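Keep the picture open as you read, and look for each residue when it is named.

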Amino acid sequence: MMDPVEILKEEHRNILRGVDLLDRLARIAQKGELLVDPIDNMVHFFRQYADVGHHQKEEDLLFTALFEKDETLQGEFSPIGELQAQHVEGRRLVGRISAKTSFSDDAQDYGSLIRRHIEIEDTLFPELVVSRFDTSEMEQLRVKFLEVEDLNTTAKLLALLDTVTYSL
Ligand SMILES: [Fe+2]
Ligand SMILES: [Fe+2]
């Protein structure tokens with residue numbers, strides 16, 4: 001059974017798949033073709049899968065549980081404060097991507113932000129969780145992750161990545 005950190009890592013891999021697709025759309029746009037439907041599909045994927053599904057687990061469940069354990073983790077200049085700020089910046093960039101006024105630049109900015117962000121989280125989360133949670137607390141977190149998960153919606157969002165892949 002996957003522990004909560006593994007669940008987040010698995011979601012990171014799916015988000016990175018989305019970012020790779022966005023890169024391809026950016027390269028196509030640089031050659032002069034703005035593929036509106038695939039771009040809109042990717043915006044939907046990032047808003048729903050990354051922001052609603054994944055960031056909800058991090059911000060509402062993992063970060064909250066970590067702050068309860070250790071309040072020194074809180075604050076603008078803490079590592080988690082930085083991650084929260086990157087989530088906000090990511091949402092801003094997805095807004096710009098959806099406007100399609102400077103699509104390839106915004107797509108590249110979003111890609112580098114998300115790749116950096118995920119690299120930090122994949123290193124930091126295992127350390128934080130293992131050092132602060134015992135087995136039963138890890139299990140509680142895993143159960144909470146499952147409670148907020150809507151498997152149907154998740155499956156549809158992942159299928160959207162295939163739809164975009166096949167359309168390129
Ligand atoms: Fe994050
Ligand atoms: Fe994440």
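Glu137 is partly exposed, because 15 other C-beta atoms lie within 10 Å; a residue would need 20 or more to be buried, and 12 or fewer to be exposed. Before going further, please note that this is a predicted model. You can find Glu137 in helix α5.

Now look for Ala65. Glu137 and Ala65 are 72 residues apart along the chain, yet their C-alpha atoms are separated by 9.2 Å.

Helix α1 covers residues 4-30, which makes 27 residues. From its first C-alpha to its last it reaches 39 Å, close to the 39 Å expected at 1.5 Å a residue.

Which residues of α1 are buried? They are Pro4, Val5, Leu8, Glu11, His12, Ile15, Gly18, Val19, Leu21, Leu22, Leu25 and Ala26. As you read along that list, one general idea is handy: an α-helix has 3.6 residues a turn, so residues three or four places apart point the same way. The buried residues of α1 pack against α2, α4, α5 (135-148) and α6 (151-167). Just after α1 comes Gly32, with a positive phi of about 110 degrees.

## How α2 and α3 pack

Two packed helices are described by the angle between their axes and the distance between the axes. Helix α2 spans residues 36-69 and helix α3 spans residues 79-99; their axes are 11 Å apart and the packing angle is about 165 degrees. That angle is why α2 is roughly antiparallel to α3. Their crossing is left-handed.

Which residues meet here? From α2 come Val43, Phe46, Arg47, Asp51, His55, Glu59, Phe63 and Leu66, and from α3 come Ile80, Gln84, His87, Arg91, Val94, Ile97 and Ser98. By class, the contact of α2 with α3 holds seven nonpolar, four polar and four charged residues.

## The loop and the α3–α4 pair

Between α3 and α4 there is a loop, and Lys100 lies in it. Most residues other than glycine have a negative phi. Lys100 is not a glycine, but its phi is positive, at about 60 degrees. Is Lys100 buried, exposed or partly exposed? Lys100 counts as partly exposed because it has 16 C-beta neighbours inside 10 Å.

On the α3 side, the contact is made by Pro79, Leu83, Gln86, Glu89, Gly90, Leu93, Val94, Arg96 and Ile97. The α4 side brings Phe103, Asp106, Ala107, Asp109, Tyr110, Leu113, Ile114, His117, Ile120, Glu121 and Leu124. Sorted by class, the residues of the contact of α3 with α4 are twelve nonpolar, three polar and five charged.

## How α2 and α5 pack

Back to α2, which also meets α5. The axes of these two helices come within 11 Å and cross at roughly 155 degrees. That makes α2 roughly antiparallel to α5. What is the handedness of the crossing of α2 and α5? It is right-handed.

Gln56, Lys57, Leu61, Leu62 and Ala65 are the α2 residues that meet Leu141, Lys144, Phe145 and Val148 in α5. The contact of α2 with α5 has six nonpolar, one polar and two charged residues.

Gln108 is in helix α4. With 16 C-beta neighbours inside 10 Å, Gln108 counts as partly exposed. How far apart in space are Gln108 and Val19, C-alpha to C-alpha? The distance is 9.0 Å, though Gln108 and Val19 are 89 residues apart in sequence. Val19, remember, is one of the buried residues of α1.

Thr154 belongs to helix α6. Thr154 is partly exposed, since 16 other C-beta atoms lie within 10 Å. Leaving aside neighbours within four places in sequence, Thr154 is in contact with Gly53 and Glu149. Thr154 and Gly53 are 101 residues apart along the chain, with their C-alpha atoms separated by 8.1 Å.

How values were computed: Residues numbered from 1 in each chain as written. Chains lettered and ligands numbered in written order. Predicted model: local features only at pLDDT ≥ 70, side-chain atom pairs only at ≥ 80, totals over all residues. Axes fitted to C-alpha atoms, helices over the stretch in contact; angles between N-to-C directions. Helix = DSSP H or I, 4+ residues; strand = E, 2+ residues; numbered from the N terminus. Parallel < 35°, antiparallel > 145°, perpendicular 65-115°, else oblique. Left-handed = near helix turned anticlockwise from the far one by under 90°. Contact = placed C-beta atoms within 7 Å. Nonpolar A, V, L, I, M, F, W, Y, C, P; charged D, E, K, R; others polar. Expected span 1.5 Å × (residues − 1).
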